[in-house]
Structures are given as structure tokens and as C-alpha cells.
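Q: I would like to go through this structure with you, piece by piece. Shall we begin once it is on the screen?

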Amino acid sequence: MIDIAVFVSGNGSNLQALIDAQNYGSLKHARIVHVISSNKNAYALERADMANIRADVVDYKKLGQAAAEAKILKLLKTSNPKLIVLAGFMKILSKDFIEKCNAKIINIHPSLIPKYCGKGYYGLKVHEAVLDNHEEYTGATVHYVNEIPDGGQIIMQKQMKIWEQDNTPAKLQKRVLELVEHKILPKAVELVCSQICANAFPKAVNYPGRGIITGCTPSGRKMFAYFIMGRSQTSKARIFERSGNELAIKLTKQDPKFDSSLILYRPVRIFGENVIVTNGDQTDTIYDFLSEGKTFEEALRTRTYEPDAPHYTPRISAIMTPSGYKQSILKMAGKYFYEYEYKPGVGHLIHTYERFYPSRDELQSFIGEPREFAVSEDLDLFSESLWKELNENYRVALYVRYYEQDFVNYQDRLFNINEVN
């Protein structure tokens, strides 16, 4: 269940649509925990009160934008929502707020973006512009919020035909609200929250260690992601570095007393149409076996878990081909192999550790089979969401690659916690 906060400024009919959807059970993955209004007289506050939802007022006129946003951030720390929904919130959030906010933010806009959006297009002004330009259709759009007003990725959009009786902005606004906004906002919130749930590590997984995701986007683009985390100073001093179409791990500073043989390796190698991703030097073992005409499984049966007592870190591996992908984990309990066909919008995540117990410096190995993981079509959205999901006290580096349909050309994103000179 994802806790959400709803930002409002006026009547709050979209807030009511969300409350109704929650009461009717349509919001299966979302729960409204906080309402914040920029207007102390907003009827939306009464709606929140009747639904027993916490509500706070932040007076922008009295505080100014910077102080108002600082107050909102402080309030959000007490309710800790994972999603913020702008539902008739008549303020533009600053880039600084968006970057500091520890939640995804979505907005509903009363037009078919990219038409009639951006600065100056809000409330009745949108509907005035639609009528002035004699549009045949209008509608509404739910989108992610970034530093560009109405410029974030579109989540959901629905259009409606304009009738002759929609001859004033107020009449048109009323129909767009009732026939479009109140319908798509709950659906979009449920969609986003279900994706957040699918992409979240279980609460018990406070330190996943190293992890691999392989799968494909909703349109069928093959993808993989690989991340590393660290606890020691040397482990935290690593960076990812592109090496042609492969990937290497380097140290930003050396410790002669530290054995770095288990933390420096090539996590990504390419052999023909095979993409190999692993958490250790078994990448090279798999590559060598493939070059001899042997298989992924044959290669890994010659290897075991890492000799890093007392943790005995599992070796995790994946191989992608144009027709499907396999994953494997080698741990003290045995050697396990999993095989998957590509399924639109779905990936599988496997990682090294299930839990870290700091008080006794103990790491529990990964349990069970690889978990399904929702894959977004948007590379930036997926990469940034995954990076934020990793515990900021331990995350070190993340690499994500989306292939084009030819499984040769690709786009990628690379995150390093350490600066690269």
C-alpha cells in the first residue's frame, strides 16, 4: 500500500474522486494520508475532514514560495507519502522542491497536453483558450511533474467531444471535470502506485547488495540494470566506467591492505547476441565457455559462492538473448537457474542479500526466486526511480541499458555516487 498526499487549492472535486475511489476499493495500492491546501478557505479541506484525512494549510501569500515550500517539506516528513497528487493545486512547484521531495509527484491538467499547457494555462484560462480556438475535442492529462510546468511524462490522457452547449469556459470546465478528470485521476493514481509497489524492495530488504534486473519495456525493448552497494570505505570508493559496449568497475582510491579481487570485475560483457551481466569475475567464465560453444549453465556449474567468510556472498548472473533471458544464483544452499521469455513491461530482479543486521555485522543471503519488477518505457524515469529506491547510505553505482528493437543499438544511464575526474 502506497501512502499519498493530495495538494489542493479550491473546491477539491478531484480529491473527492480519489476519496470515493478509495472507499469503493478502486485504489487497491493507494491510501490518502495527507491533504495540503494553499488556501485556508478551500472546500477541499472540508472534504478531507469528512473523510477523516489529516489536512494542513500552507499560506503562500503570507510566507512566500520558498518558505511555503520549506514548510510543506517539513509537513511531508511527518506523513512520509511516496506519491504526491496535485489535484487543482494552483501553485507551480520549484525545481528545488521537486529535487528535495522524497516522493514522486503527478498532476492533472485540464487539456490534451501538449495543447494549452505551461505557464499561464490554468483553471478557466485553459477552457477559454479551447473555445477561442474552436477545438472539436478537449480533455485532460495526468502527467509526472518536473521543473517544466506541465512538461513531465504523460501517464494517462482522455479526450471528449465539445458540445454546442459547452459555450462558456465554466460549462466546459464542469463537463471536463465530471466526464474526464474524475475518471482518469483515480486510474492514473492506481497505476502509478501499483508500479511503485512492484518496484519497491520489501521493507525487510534494507541492503540488497548487488543486483541484476533483466526484462523488457511495454513496447518490447530489451533491457537490463545492474547496481552495487557498499559498506566498507573501499567498497564505497568504486565507480562504474563504460568500456566500449561493456562495463568495468574501478576504484577511486586504493587501500593496499584491502583485498579488492572480489569487488573489481567486469559486470557486463557482450558475446555475439548474448549480453552477460554478473556480480563477479564469473562474467569472464561465462564469456569463455560461450566462446567454446558451451552454455551459461555449464559455465556456472564450475563456480561457487564467493569465499568471503562469514558472509559467503552469492554469485548472481544473467544472460540475455534476443528470444529470452536466464538468471542464476550460486549460494551455500545450492546452485539455482531460472529461465524466462520476454513479457512486455516485466523484468526479474535478483540480488545478493535479503537483509543486513548491523548490530552483529551479519548479511543474510537472497531468499527465493527472482522477483517480478515493473519496467517503465521511459529510461530516465525507470533509472531515477531505481536509484532512489536504493538506500542512500550504501548505494554506490547503477547502470541501466535499454536496447532498440534491433538488440544492437541502445541508450543507457550511469549513476556513480563518487565523482569521476
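Q: Which residues of α1 are buried?
A: This is a predicted model. In helix α1, the buried residues are Ser13, Asn14, Leu15, Ala17, Leu18, Ile19 and Ala21.

Q: What covers the buried residues of α1?
A: The cover includes the strands β1 (2–8), β2 (30–37), β4 (83–86) and β5 (104–109), together with the helices α2 (44–50) and α7.

Q: How far does α1 reach from its first C-alpha to its last?
A: Helix α1 covers residues 13–24, twelve residues in total, and reaches 16 Å. That is close to the 16 Å expected at 1.5 Å a residue.

Q: And what follows α1?
A: Gly25 follows, and its phi is positive, near 85°.

Q: Let us turn to the largest nonpolar core. Which of its members touch the most other members?
A: Those are Ile4, Leu83, Val85 and Val189, in a core of 42 residues. Helix α7 (residues 169–199) gives the most to this core, contributing ten residues.

Q: What does Val85 touch, leaving out residues up to four places away in sequence?
A: Val85 touches Ile4, Ala5, Val6, Phe7, Leu18, Ile106, Leu185 and Val189. Of these, Leu18 is one of the buried residues of α1.

Q: Which residues does the second core include?
A: The second core is separate and has 28 residues, among them Cys216, Phe224, Tyr226 and Ala397.

Q: A change of topic: where is Glu246 found?
A: Glu246 is in strand β11, which spans residues 246–251.

Q: Buried or exposed, and why?
A: Glu246 counts as buried because its relative accessibility is 14%, and the cut-off for buried is under 20%.

Q: What lies 3.0 Å from a polar atom of the Glu246 side chain?
A: The backbone nitrogen of Ile270 lies at that distance. Setting aside neighbours within four places in sequence, Glu246 is in contact with Glu241, Arg266, Val268, Arg269, Ile270 and Arg401.

Q: Now the whole protein: how many helices and strands are there?
A: There are eleven helices and 22 strands. The C-alpha atoms fill a box of roughly 75 × 45 × 45 Å along the principal axes.

Q: How many of the residues count as buried?
A: Of the 421 residues, 52% count as buried. The protein exposes about 20000 Å², and carbon and sulfur atoms supply 48% of that area.

Notes. Residues are numbered from 1 along each chain as its sequence is written. This is a predicted model: local features need pLDDT of at least 70, side-chain atom pairs count only at pLDDT 80 or more; totals for chains, interfaces and linings use all residues. Side-chain values use heavy atoms; hydrogens and water are left out. A nonpolar core is a set of buried Ala, Val, Leu, Ile, Met, Phe, Trp, Tyr and Cys residues joined through side-chain atoms within 4.5 Å. Buried means under 20% relative accessible area, exposed over 50%, partly exposed in between (1.4 Å probe, protein chains only). Helices (H or I, at least four residues) and strands (E, at least two) are DSSP runs, numbered from the N terminus. Contact means heavy atoms within 4.5 Å. The expected span of a helix is 1.5 Å times one less than its number of residues. A polar contact is a pair of N or O atoms within 3.5 Å; within protein, one must be able to donate a hydrogen and the other to accept it, and residues adjacent in sequence count only if both atoms are side-chain atoms. Accessible areas come from the Shrake-Rupley method with a 1.4 Å probe; for residues, only the protein chains shown count as cover.
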